[in-house]
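Subject: Structure for your review

Dear colleague,

Please find the structure below. I would be grateful if you could read the notes that follow with the structure open beside them.

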There are 2 protein chains.
Amino acid sequence: MLMAGQTKLKAEPRIPLSRERVLHAAIELADEGGVDALSMRKLGQRLGVEAMSLYNHVAGKDDVLDGMVDVLMNEINEIVNKIEPSSGPWKAVMRERVLAARKVLLRHPWAPDVLESRQNLSAPIMKYYDAVVGLFFQAGFSVDLTHHGMHALGSRALGFTQEMYDDSGELDENTTAMLEQMATEFPNIVGMVSQITHDADSTLGWCDDQYEFEFALDLILDGLERLRDREAQAATAETS
Amino acid sequence: MLMAGQTKLKAEPRIPLSRERVLHAAIELADEGGVDALSMRKLGQRLGVEAMSLYNHVAGKDDVLDGMVDVLMNEINEIVNKIEPSSGPWKAVMRERVLAARKVLLRHPWAPDVLESRQNLSAPIMKYYDAVVGLFFQAGFSVDLTHHGMHALGSRALGFTQEMYDDSGELDENTTAMLEQMATEFPNIVGMVSQITHDADSTLGWCDDQYEFEFALDLILDGLERLRDREAQAATAETS
DNA sequence: ACCTGAACACCGTTCAAGT
DNA sequence: ACCTGAACACCGTTCAAGT
């Protein structure tokens, strides 16, 4: 007899909990506040439920993190698999794939951290790497060179590298004063930074992550291609 | 009057606490049990003191982690600075430096994690990078190319890369059976792995981290050198 | 100046209890 | 079958109190 009143009072928590809903909430939480903001208690809170209820749909926090990666990788796989492997030279295709994956990853700042922290052999990740390996094969790379290439690319194959130096720092009058102080201690770095910022129009944000990523990616892909051609050349020389 | 008895009873905790002693104990703890095993409470326990006493010598846990990195980097700097920059071709010198740094890092499994987790601009790290930048300059690299080269190397300049795939896995009869199952889902990876392990003498540990690291390092250094030479060639062509 | 104990605000996870 | 509340064993850090 109170049914009407009940549905009116709280219409939100009608959708039943599920593994998928938990994972999506976890991704939202991490997108907003970073991986540190993700706790089982906050996750439960966001879903309008006690933290302990989550354990009915998820094995524990590790399982949540693994699941988040799988959701993300499925999203990436769906996108990169639309790229036709024979739509152009192998390098262009590889580039397009990697940069498409990167685009997705950039929307999820927690992804590099989480990806690197786990021993990752889940199906969606394997599926991704399998396609990359396949692309090398199709381009005539030997098994060995493909293997080394995968290692050389490392996390770059997925579209990211953990940046060691965050140089998005603004160069206000404070830091420029500090630069002079540092000039004696780190003459080469200071020389490099000051010359680059002087040449550019803007003094802030003196390097472009995207550009640097593509530079290194091309460096590696070009190098691998050269090794492939050298290998092929050596093989034909042997038979002649 | 009880002094003799006191010194006999506990002779160990005579050395007074200090920032340095805290940091070295932290490194020991992390070396043994990984970074997760490092807590302020356990750190205090190891030093025979209440956790809260540490705060007299250290600002907090973040400061401990920063300090650990600095201790490590000082050790590395001391070693790599013994390498004479003009003792050979730039690439050989760079290689030797990077691999020497790597050797130290390999003794501290927590280092990659901690290094990547902090926004690192401390003096010992800057000192390290400054020497690398200096080496590029000395080898005739332009400011821009040096800059891109630093980014391309990334954490590799320090001697490590966060491995995405840990393939030290042993291939026992269990996993080989699994491989066949996976063959349909990940044909390229399975093909690559099986062929490589078949060619090699041993079926376990089918790749050598050190070899892969050096392969990628050489790939990048070779690529950078080629770009440097092309730049120089373009410059002379312009003047003639 | 240095160390301590109790306390606070958090964690992940277990378990018996509820419906 | 699913959710809850209390509890356990941990965190980092603050603060008043001791010496």
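A residue is called buried here if 20 or more other C-beta atoms lie within 10 Å of its own, exposed if 12 or fewer do, and partly exposed in between, with C-beta atoms placed from the backbone. By that criterion, 29% of the 240 residues of chain A are buried.

This is a predicted model, in which local features need pLDDT of at least 70 and side-chain atom pairs count only at pLDDT 80 or more, while totals for chains, interfaces and linings use all residues. Residues are numbered from 1 along each chain as its sequence is written, and chains are lettered from A and ligands numbered from 1 in the order in which they are written.

Confidence and fold

The average pLDDT (the predictor's confidence in each residue, from 0 to 100) of chain A is 88, and 87% of its residues score at least 70. Residues 1-13 of chain A, however, have a pLDDT below 50, and beyond near neighbours in sequence this stretch makes two contacts in the model. A contact means that the C-beta atoms of two residues, placed from the backbone, lie within 7 Å.

Chain A contains eleven helices and zero strands; these are DSSP runs numbered from the N terminus, helices being H or I of at least four residues and strands E of at least two. Among the contacts in chain A with a separation of 6 or more, 66% join residues 24 or more positions apart.

The two chains together

Chain A superposes on chain B by a rotation of 180° with 0.0 Å of shift along the axis, at an RMSD of 0.0 Å. The two copies are thus related as by a two-fold rotation axis. The superposition is by least squares on the C-alpha atoms of residues with pLDDT of at least 70 in both copies.

The contact between the chains takes 37 residues from chain A and 37 residues from chain B. On the side of chain A that touches chain B, helices H7 (123-138), H8 (143-153), H10 (187-199) and H11 (209-239) of chain A each supply at least two residues. H7(A) gives the most, with eight residues. By class, this side of chain A has 17 nonpolar, 13 polar and seven charged residues. Ala, Val, Leu, Ile, Met, Phe, Trp, Tyr, Cys and Pro count as nonpolar, Asp, Glu, Lys and Arg as charged, and the others, Gly among them, as polar. Because 97% of the interface residues of chain A are also interface residues in chain B, the copies meet through the same surface.

The buried residues of H11(B) include Phe213(B), Ala216(B) and Leu217(B). They pack against H8 and H11 of chain A, together with H5 (90-106) and H8 (143-153) of chain B.

The DNA strands

A residue is near a strand if its C-beta atom, placed from the backbone, lies within 6 Å of it. DNA strand C is surrounded by 17 residues, of which Ser39(A), Met40(A), Gly60(A), Lys61(A) and Glu50(B) are the closest. H3(A) gives the most to this surface, with three residues. The surface near DNA strand C comprises eight nonpolar, four polar and five charged residues.

Around DNA strand D there are also 17 residues, and Glu50(A), Ser39(B), Met40(B), Gly60(B) and Lys61(B) come nearest. Helices H3 (40-46) and H4 (61-80) of chain B each give two or more residues to the surface near DNA strand D, and H3(B) gives the most, with three.

With kind regards
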